[in-house]
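I opened the model to look up a few things about its fold, its core and its surface. These are my notes, in the order I made them.

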Amino acid sequence: MLNLTPPLIGARTIIRVLKERGQVFTASANIVERFGLFTIIVLAESILSTVTAISRVKDKQPAVWMAFILALLIAFLLWNLYFDMTSEQQTKKGYSYMQWITLLHFPLLASLDVVGACIKVVLADIETGLPNGFQWMFCIALSIILLMIVGITNVMEEEEEDRAYIKPVARLLVVTAVCMFLIPLFGKSLSTLKFFTVIAVVLCMPVFIGVRSWAQYKFFNQD
């Protein structure tokens with residue numbers, strides 16, 4: 001509260017003073033980069049949780065290693081989506097966009113923590129099966145991450161090349177977030193390995209579509 005209150009209370013004053021000076025507030029790419037640095041730290045914690053969890057499994061059968069690899073793949077897919085959609089960009093002009101990018105990162109980072117914690121618990125207890133409650137926690141957290149990424153892209157000032165990737169992926173991420181909600185409904189009997197496989201496949205789709213759209217713009221739409 002102490003961190004967030006001053007920018008909110010002082011918003012009108014900041015906007016008025018900048019207007020008097022003939023200026024418009026814009027969050028630079030450096031500020032956006034700081035959010036990215038903190039996000040990658042949280043993602044690294046998820047990877048560390050995965051490694052810690054696998055070290056606690058006594059009987060490391062092939063299925064356990066496959067689940068471990070899929071858990072790492074999920075973390076890297078989230079990393080790919082976040083940074084390809086948000087990195088090296090400025091926010092749109094206006095103080096409110098700076099506030100939005102700050103507020104949207106709170107649920108995003110909290111959800112990344114939940115994903116890391118769920119992976120750690122599920123892998124550590126992989127021999128006992130996958131409780132449906134963990135499926136819900138995991139999928140809801142993933143849905144929030146995807147929707148927050150879409151929200152962040154809406155406050156970014158995109159260049160034409162960035163838009164070639166971001167525009168199709170943003171639409172698909174909304175659909176992907178809805179699919180995440182449906183997985184626990186229809187996947188109650190899924191094993192940990194099958195559950196991680198479904199999650200990884202669903203997350204691969206927006207990454208594949210985005211790379212294909214960018215490649216088409218970069219190499220096939222040149223005048």
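The entries below go from the whole chain to single residues.

**Ground rules**

I am working with a predicted model, in which local features need pLDDT of at least 70 and side-chain atom pairs count only at pLDDT 80 or more, while totals for chains, interfaces and linings use all residues. Residues are numbered from 1 along each chain as its sequence is written, and side-chain values use heavy atoms, with hydrogens and water left out.

**Entry 1: the whole chain**

I looked up the secondary structure and found eight helices and two strands. Helices here are DSSP runs of H or I with at least four residues, strands are runs of E with at least two, and both are numbered from the N terminus. Along the sequence the order is α-α-α-α-β-α-α-β-α-α.

I then looked up the dimensions: the C-alpha atoms fill a box of roughly 65 × 50 × 30 Å along the principal axes. The accessible surface comes to about 12400 Å², and carbon and sulfur atoms hold 65% of it. These areas come from the Shrake-Rupley method with a 1.4 Å probe, and for residues only the protein chains shown count as cover.

Of the 223 residues, 42% are buried.

Among contacts with a separation of 6 or more, 87% join residues 24 or more positions apart.

**Entry 2: the core**

Which residues have the most contacts inside the largest nonpolar core? They are Leu81, Phe138, Met180, Phe196, Ile199 and Leu203, in a core of 61 residues. The elements that give two or more residues to this core are H3, H4, H5, helix H6 (132-153), helix H7 (160-186) and helix H8 (192-220). H4 gives the largest share, 13 residues. A nonpolar core is a set of buried Ala, Val, Leu, Ile, Met, Phe, Trp, Tyr and Cys residues joined through side-chain atoms within 4.5 Å. In soluble globular proteins, nonpolar side chains tend to be buried together.

I picked Phe138 and listed what it touches, leaving out residues up to four places away in sequence. The list is Ile74, Val115, Cys118, Ile119, Phe195, Phe196 and Ile199.

**Entry 3: a buried glutamine**

Is Gln99 buried or exposed? Gln99 counts as buried because its relative accessibility is 18%. Gln99 sits in helix H5 (residues 95-124). Beyond residues up to four places away in sequence, Gln99 touches Pro7, Leu8 and Ala11.

**Entry 4: aromatic pairs**

Rings of Phe, Tyr and Trp (its six-membered ring) pair if their centres lie within 6.5 Å; planes under 30 degrees apart are stacked, over 60 edge-to-face, and the rest tilted. By this rule I count six aromatic pairs. Trp79 and Phe83 are a tilted pair, because their ring centres are 6.2 Å apart and their planes stand at 50 degrees. Both residues lie in helix H4, four residues apart, which is about one turn of the helix. Trp79 is partly exposed at 38%, whereas Phe83 is buried at 17%.

Phe195 and Phe196 are also tilted, since their centres are 6.0 Å apart and their planes are at 40 degrees. Both Phe195 and Phe196 are buried. I noted one aromatic cluster made of Trp79, Tyr82 and Phe83.

**Entry 5: the surface**

I looked for nonpolar side chains on the outside. Leu37, Phe38, Ile40, Ile41, Phe76 and Trp79 form a nonpolar patch, with about 580 Å² of accessible area together. The elements that give two or more residues to the patch are helix H3 (29-55) and helix H4 (62-86). H3 gives the largest share, four residues. Patches are made of residues with over 30% relative accessible area and no salt bridge, where like charges are joined within 9 Å and nonpolar side chains (Val, Leu, Ile, Met, Phe, Trp, Tyr) within 5 Å.

**Entry 6: salt bridges**

How many salt bridges does a search of the whole structure find? The search finds two, each being a side-chain nitrogen of Lys or Arg within 4 Å of a carboxyl oxygen of Asp or Glu. Arg16 and Glu20 meet at 3.3 Å, N to O. They are four residues apart in helix H2 (residues 11-20), so about one helical turn separates them. Arg16 is partly exposed at 45%, and Glu20 is exposed at 58%.

Arg34 and Glu33 form a salt bridge at 3.3 Å, N to O. Arg34 counts as exposed at 51%, and Glu33 as partly exposed at 41%.

Technical notes
Buried means under 20% relative accessible area, exposed over 50%, partly exposed in between (1.4 Å probe, protein chains only). Contact means heavy atoms within 4.5 Å.
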